[in-house]
Amino acid sequence: MNPGVLPGQSFPLGATVCHGGVNFCIFSKNSTAMELLLFDDPEAPQATRIIQLDPKHHKTFYYWHAFVPGIGAGQIYAYRADGPFDPEQGNRFDGTKVLLDPYARAVVNIENYSREAAISPGDNCAQALKGVVVDSSTYDWEEDVPLCIPYAKTVIYEMHVGGFTRNPNSGVSAARRGTYAGLVEKIPYLKELGVTAVELLPVHEFDEQDVQPGLINYWGYSSIAFFAPHRGYSSRRDPLGPVEEFRDMVKALHQAGIEVILDVVFNHTAEGNENGPTFSFKGLENQAYYILEENQTYYSNYSGCGNTLKANHEIVGRLIIDCLRYWVSEMHVDGFRFDLASILSRSKTGRPLEDPPILWLIESDPILAGTKIIAEAWDAAGLYQVGSFIGDRFTEWNGPFRDDVRRFVKGDAGTVSSLAARILGSPDIYPQLDREPNRSIQFITCHDGFTLNDLVSYNDKHNEANREDNRDGANDNHSWNCGEEGQTTDPAVEALRLRQIKNFMTILLVSQGTPMLLMGDEVRRSQLGNNNAYCQDNPLSWFDWSGLEQNSDILHFVKELIHFIQTREIFQQEKILVTGNGTQEPHIIWHGTRLGQPDWGDDSHSLAFALSHPASGEYLHVMLNAYWEPLTFDLPPLPSKNQWHRIVDTALPAPADCCNLPAAPAVAGYRYRLEARSSVVLMAL
């Protein structure tokens, strides 16, 4: 039946280049027939060769496998699986659909792919996605090794690979705009900015068509193939291009001292609900891959995106671990941010687990031991685990830090005590005595929500371009437009907005914890009030490189402040600061406008604190005034040989607003007047 085809082996899963050919293996428990399809061309409408797998020779337990001699890297392949179509029992086999291998390392036929054809009845071979056989052993990593930068020395930059250089004003050649290669051209910018890690929005192959007609799924939270780099971000058109170009990018970033963290979406896929397409998981073993309702026709939707991966199923859990290991060992990435990570703590039926197996496997895996693992510790169904996420290694996006800092800078009442806790690494949220404070990922903005410029420019979201009648996106943003909604020509409003942006940056960077910046915030990138730009693959979402000149003042401020904190021992502590004086340990002392008298009352809008690192001789004083009038603060006395020097005053124009040593001017006297809504950082010299 299959001349020359050998039985093959049930391990490893996927398509593996071996001596003399390729071993194919795929999981499908309840299928009754399996076909391996081989194609000579990525866009071929029909398979060149169809290999029918005989379960007597090509199936071991629930694994179908075959060894095909005479082929190798670059071979295009896919599957067809037949079996019962009984949605009420969780089975959705359809022998007419061409299926993508869940372990595919690269995906082709993107240009002809049709989501609608994967939904509609009938053969979709010409419009289906196919996998590519990849041989990782041939790539020259040039002795590249993991950077293993401690959290205490890390500054994360959350960015979108496509949007970073897609704008024509990026200076990147047209063929490389919006690609991994385009990002490489901008590494000098990232290096100069001072970031030590880029956190890339999803780069797994995703479905750009998983959105309303006429729009494009831009963010990429619509996974198709977890092992494959997104082909749309590659400047190369050959089948192996995205894999090679992604590796080139990682290697170049490492050479610049910058780590690569991937935003991974192991909570749902692009196959959607019962009305969605069948392109892989549904057609191979629907009830294994997805959490289903009691009537298994329907999908449990803890992700808000139509379906939920059954992460604690042994097969899905193995896929997740194999995938993470692959990206670390063969693609050299440095860590992962787990989107809606709380879903990974749900059982096979969706019930929250006290000890979820998959999370403990990730935490304890030896191949992942040196990586950064970051949890978005909530899901779309109300499970919220910030401060209670499992494990000894997971760091967490600190949502309360974002909200409490926004409220304080905005001028809300009753925010000072919460702000102090956030500055100190949130010991009220993370009470474990041995927990490193830098396991709290601190951020003011991220891809999901307002940009920093829009946070100070809009009271309300403006998502009309998303074609959902402005119903989508968060309604409670703790934002303030500084007196006028949207773009303005009023110089007073503009000056206040600039000051507020600098206030946010100051609090973010002087707080204990690992800071994360959103792409473009350092040059006031705006989405014109859209706080959910997931479907806006256009200049609204792209990095506008004209901002480097137009907003050079805030860019200078951010660069100088990042450089300052990276050269001070007090900002690189791996233990929470001791509160109080009289110790040789790094410590913090709380003040108000009067020394030793912090005002924790609901009507307070100001806070000051002294940071001390006796071993290095570093003494800093930070004063925050969120009040709408100037306030005068006492300064701690210093030995006669020392004097306070001004590092930051957000009320001053650039470049005086942030002066790195030794250019920081001396401050005379024992009191300092802070203008309304301003922040000041002093250092003793």
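Mentor: We take the labels in turn. This is a predicted model, where local features need pLDDT of at least 70, side-chain atom pairs count only at pLDDT 80 or more, and totals for chains, interfaces and linings use all residues. Residues are numbered from 1 along each chain as its sequence is written, and side-chain values use heavy atoms, with hydrogens and water left out.

Trainee: Why is C535 called buried?

Mentor: Buried means under 20% relative accessible area, exposed over 50%, and partly exposed in between (1.4 Å probe, protein chains only). C535 has 3%, so the label is buried. C535 sits in the loop between β21 (514–518) and α14 (547–550). Helices (H or I, at least four residues) and strands (E, at least two) are DSSP runs, numbered from the N terminus.

Trainee: What makes D537 and R166 a salt bridge?

Mentor: The term asks for a side-chain nitrogen of Lys or Arg within 4 Å of a carboxyl oxygen of Asp or Glu. In this pair the closest N and O atoms are 2.8 Å apart. The pair links distant parts of the chain, 371 residues apart: D537 is in the loop between β21 and α14, and R166 is in the loop between α3 (161–165) and α4 (180–185).

Trainee: Are D537 and R166 buried or partly exposed?

Mentor: D537 has 23% relative accessibility, so it counts as partly exposed. R166 has 18%, so it is buried.

Trainee: How do you know that D404 and R422 form a salt bridge?

Mentor: Their N to O distance is 2.7 Å, and their side chains meet. D404 belongs to helix α10 (residues 399–410) and R422 to helix α11 (residues 416–423), 18 residues apart. Salt bridges that share partners join D404, R407, K410, D412, R422 and D428 into one network. D404, at 12%, is buried. R422, at 5%, is buried too.

Trainee: How many salt bridges does a search of the whole structure find?

Mentor: The search finds 29.

Trainee: Why is strand β29 called largely enclosed?

Mentor: 7 of the 7 residues of β29 (residues 678–684) are buried, so the rest of the structure largely encloses the strand. S678, V680, L682 and A684 point one way, while S679, V681 and M683 point the other.

Trainee: What makes β25 and β29 a pair?

Mentor: Two strands pair if DSSP finds at least two bridges between them. Strand β25 (residues 618–625) has 6 bridges to β29, running antiparallel.
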